[in-house]
Amino acid sequence: MEPKAIFEAVKGKFGEAVVELQEEGFRPAFVVVSPESVREISLFLRDDPAMKFDSLMCLSGVDYKDRFAVAYHLHSLEIGHRIGVKAYLPREAPSLPSVDGVWPAANFQEREAFDLYGIVFPGSKDLRRILLPEDWVGYPLRKDYKYPEFYHGIKV
Amino acid sequence: MMESLAVSLVNAVPALSGVPLWTMTLLVMVVVAAVVLTFALLYAGLATYVERKVAGDIQARIGPNRVGPLGLLQFLADGIKLLLKEDIIPAKADRFLFALAPYLVFIGSFAAFVVVPFGVGLIASDLNIGVYYVMAISSLVVVGVMLAGWSSNNKWALLGGMRAAAQIVSYEVPVGMALLPAVLIAGSLSLQDIVRSQGGLLGIFGWNLFHNPFTFVSFFLYYTAALAETNRTPFDIPEAESELVSGYHVEYSGIRFAFFFLAEYGDMFVVSALATACFLGGWHVPFLDAEALPVAWGNLFSLGVFLAKALGLVLLMMWIRWTLPRLRVDQLMRMSWKYLVPITFFNLLGVSLWLLVFHGKGIPRMIASLFG
Amino acid sequence: MGLKGYLHDIWEAVATTAKGMRITARYGVDPRETITLQYPEERWEPSERFRGFLHNDIKRCTSCTMCVKVCPVDCISLESVRGADKKLVLASYDINIGRCMYCGLCVEVCPPKSLTHTSGYEKATVTRGELILHFVPEDAEEIKARVAKQVAEAAAKAEAEKSAKAEAPPMGWPAPVFAAGNPGAGADAEKKPAQEPKGEPANREEPPKEGGEKAE
Amino acid sequence: MKARAEALPTQEMLINMGPQHPSTHGVLRVILRTDGEVVVNARPDVGYLHRALEKIGERVTYAQFMPFTDRLDYLASMNCNAAWAWTVEKLAGIEVPERAEYIRVIVCELNRISSHLIAFGSFTADMGAFTPFLYAIRERERINDLFEDICGNRLTYNYVRIGGVSADLPDRFLEKTKEFLDYFEPKIPEYNKLISYNKIFVHRLANVAAISGGEAVAYGLTGPNLRGSGVSFDLRRSEPYSVYPKLDFDVCVGTGERGTVGDCFDRYMVRINEMRESVKILRQAIAQIPGGPVMAKVPRAFKPPVGEVYFRAENPRGETGIYLISDGTVNPYRLKLRAPSFVTMNIFEKVTKGLMIADIVAVIGSFDIILPEIDR
């Protein structure tokens, strides 16, 4: 299915929750959705017989300076089409529902986004820091991240 | 035996007649023990060298070749290194048991050398319960291994120790039952008697290996089970380098570690020597009656033949080690209880029936008797 | 499983083991299969394109700082001053081969092809400072002082000729500006100069009028 | 059994496997809770090798990031190099000369063989047979020699460039590659004889940690791990890039030949068979390679257009995805590396429940994880 058609279908189902389609310069195109509805839309995308996005290829946090985003790259092995889903989040207390119940593959990648961007995924099975130590302060991939001078009294 | 040796020594050298007999006996004992131990250590050292060389050859590389000609002195260098290493005892280890364990393992392995029949008269002590003694004394190893695993206060070591205990105890059963055919044929537990029973003019066909089909199978069963008892690949799960890091001796260093190491090689030799004595005709020189030769020559010949056979089997162990992967612990247990134990049991039954039916005659002897 | 399966299991174990042992035996007895190179005595011939230690032929180097700019790990530091003939004079050229990752990007961009990979790959040092290769044998301060003097002389000469212009301050070429933030932020932070041994070009505190900014 | 367990008080053991352990393939730490030898729970703890490659990516230029991709999966540097180049080319719409694409495919497939060799070798070493490991290393050494010829390094190649490759193939490279292939092809049956079908080896792997196809897809397994579960999905075939459409090869899938589909043995066999397919691809590529330039015109101060692109390449360990956001400057704005091993570790806790400690090693080995890629 073409991104346009997917967008129309999702828009038709969820209405207001689907914001726009980012197509120009985006490969694959992104369906921008509101963060609250991510879980429902994910379930629809996974289960709808015309969509069948059974595989979450990549889940990434992005810092767009004015706001955060979480980008999902989906792929359907059965049908063979791809789409991106993106949800923009405010810089303050970024949070959106976890999708690891939809695609178990999301768990580690959500933990990574949490670890490096501080985006919280309520409903996640296990949301802990993954790459950095448990007691690390700050979220390094944020654009406004300040490098710490000390870690446990050791100059870094 | 020691006493008779001492008596003959006193008789031969009149100057010693003033010395009390027990002193002489003790002296003779110490000398014999020292000779056996020296042999054992020298063998173990060289075996480590050969093992590494064999591994090198098999793996398309060279192996040790820097210390001494062809790297022959590598084991000395290693030994010195191990002696000079710091002896580390983990802070929370049980110090006494931790120190004791290597000795138990070492003793368990090297005490078995006592009854190994190296030649016609070359046996430190021809115990009339030889086979039984070997089985008993080598069980001491398991105590040492378990103690090592437990006292290290390390979970990996504990797992290794537990595995070793389960493994060695399980494999004692098939080992014992696989050795029994030889005992049955000889009608004696003494290893020297067992070897003598395989002599005669049949050459290699006098060996228990060819006595009847059951003994033939028995040899392989024994060898497999014994391989497991020595904790070597494919049965090295107590060490299991890639799972348990090093198993029960993970916390040992320096000379204490060397004891474990030497014990492993000692075990290999004992097992091979036992297989040689019980199935491969021991020190019998084919088509030559070593006992009828002059004492010196007879002993020399028989020693050479025995060592050749036993070390050949040790070599085979090395070859197996560098070919096969390792079993999992449950598969190892299954192999013992599901395969080796029943098969050795039936085998033993088969040998007994054979001996009963054919009055103790083996196939080669029957064939020989056909031709007169 | 049945008796048949039971026996088959045993047979398979024996047969596959024997097969494997035949292969290892073949390698074991065939001396031609040995591929070990007895390293310090025998050496393999590094290929033509081998990327060993970097070497800068400072006679050809034009101090263009392309290598400094392209280096992803900032292992090259370069200082230069503008000489009397308006050409850049190399004051110091150091490569920290402890940090270098031998990617070869610097060699590719070098316009005069003065920077090359040698075939050297053996180096062991006691201190980390010895891993910094200095390609300019003289002291950077001396060179700078000398060049400044030449420039001043030239300027004085020019002044004498024209007898009008004021003495122009010696121009410095901006030496590499090392990124303020460490590349590997967070967990693997890099060593700070405090930890770096003395080998680091010491003369980093040159007066700002030289324009040579410090490399860390 | 259960009644006895209740009668005797037992205690679960908490064991730390790693970060320093001979068979975790690096600094992976697995927190094991075991009931004797049986694993109750195995929780992977990653991150000991975190080098912030994504953060570095935001600081360096597009071309400068190339050597860092070497360090993403250091056993398949060429593949990672090429994946990065393909991503940026896709973003900027750069046309790469055909010869360069062929060279990339050749080096990628060579690297796939060498990576699978390490996977095969270290796996057998984990299983206790050390000899095949050295045989694998010996073969890999010859590939390293080839790579040294073309790029000068033996591990971190940094050979591919955005717009092509850094240098044309050296003289006699293709002949040497052919010689290697002729030498290597008969080795694969030998490996199978030596170890693959060894009874003990099969027993250790068959029916261990079987992952069904659906599960594998849901958990995001890719590459040989996914194909081991019987899902015929190969990016080189399903989403062809570069010159792969012109090359004929089979997609190897696990068939459950010694146990259930998707067990450790299937994953292992897929890798062995893929080496054979790579040989096939290489032979075709060598026969087809055209002449011509190896580098497209790419400006030195390369600034791709604003945009976001997600590219994925079939690497030896699975799908290496790169999500690249460009803001039109010389540095990437955001660079997300979707490393196959990282995603694979997700399923680890699930499949290792109820296995034995020795099986944990088998699972880690059969996933063929590599830590620099997990931790980035």
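Q: Helices (H or I, at least four residues) and strands (E, at least two) are DSSP runs, numbered from the N terminus; between which of them does Arg172(D) lie?
A: Arg172(D) belongs to the loop between β5 (164-165) and α7 (173-184) of chain D. This is a predicted model, in which local features need pLDDT of at least 70 and side-chain atom pairs count only at pLDDT 80 or more, whereas totals for chains, interfaces and linings use all residues. Residues are numbered from 1 along each chain as its sequence is written, chains are lettered from A and ligands numbered from 1 in the order in which they are written, and side-chain values use heavy atoms, with hydrogens and water left out.

Q: Why is Arg172(D) called partly exposed?
A: Buried means under 20% relative accessible area, exposed means over 50%, and partly exposed lies in between (1.4 Å probe, protein chains only). Arg172(D) has a relative accessibility of 44% and therefore counts as partly exposed.

Q: How do you know that the peptide bond between Arg27(A) and Pro28(A) is cis?
A: Its omega is about -5°, and the bond is cis. Most peptide bonds are trans. Pro28(A) is in the loop between β2 (26-27) and β3 (30-33) of chain A.

Q: Why is strand β4 of chain A described as largely enclosed by the rest of the structure?
A: This strand covers residues 55-63, and nine of its nine residues are buried, so the rest of the structure largely encloses it.

Q: How do you know that β4(A) and β5(A) pair?
A: Two strands pair if DSSP finds at least two bridges between them. Eight bridges join β4(A) to strand β5 (residues 68-75) of chain A, in the antiparallel sense. Within this pairing, Ala69(A) of β5(A) is the bridge partner of Val62(A). The hairpin of the two strands has four residues between them, and Lys65(A) takes a positive phi near 65° there.

Q: How do you know how many disulfides there are?
A: A disulfide is a pair of cysteine sulfur atoms within 2.5 Å. By this rule, the count over all chains is zero. Cys64(C), for instance, is in no disulfide, and the nearest cysteine sulfur, that of Cys110(C), is 6.0 Å away. Cys64(C) is partly exposed, with a relative accessible area of 26%.

Q: What makes chain D as compact as a globular protein of its length?
A: Chain D has 17 helices and eight strands. Its radius of gyration (taken over C-alpha atoms) is 21 Å, close to the 21 Å that the globule rule gives for 376 residues, so the chain is as compact as a globular protein of that length. The globule rule is 2.2 Å times the number of residues to the power 0.38. The C-alpha trace of chain D spans about 75 × 45 × 35 Å along its principal axes, and 70% of the 376 residues are buried.

Q: Which residues line the largest cavity?
A: The lining has 14 residues, and nearest the centre are Val134(B), Ser138(B), Glu229(B), Asp267(B) and Val271(B). The largest share, four residues, comes from α10(B). The cavity holds about 140 Å³ of space, a volume being the space filled by probe spheres set on the grid points, which are joined across faces, edges and corners.

Terms used. On a 1 Å grid over the protein atoms alone, a cavity is a set of points where a 1.4 Å probe fits but cannot get out, and a pocket is an open set with protein on both sides within 12 Å along at least five of seven lines; lining residues have an atom within 4 Å of a point.
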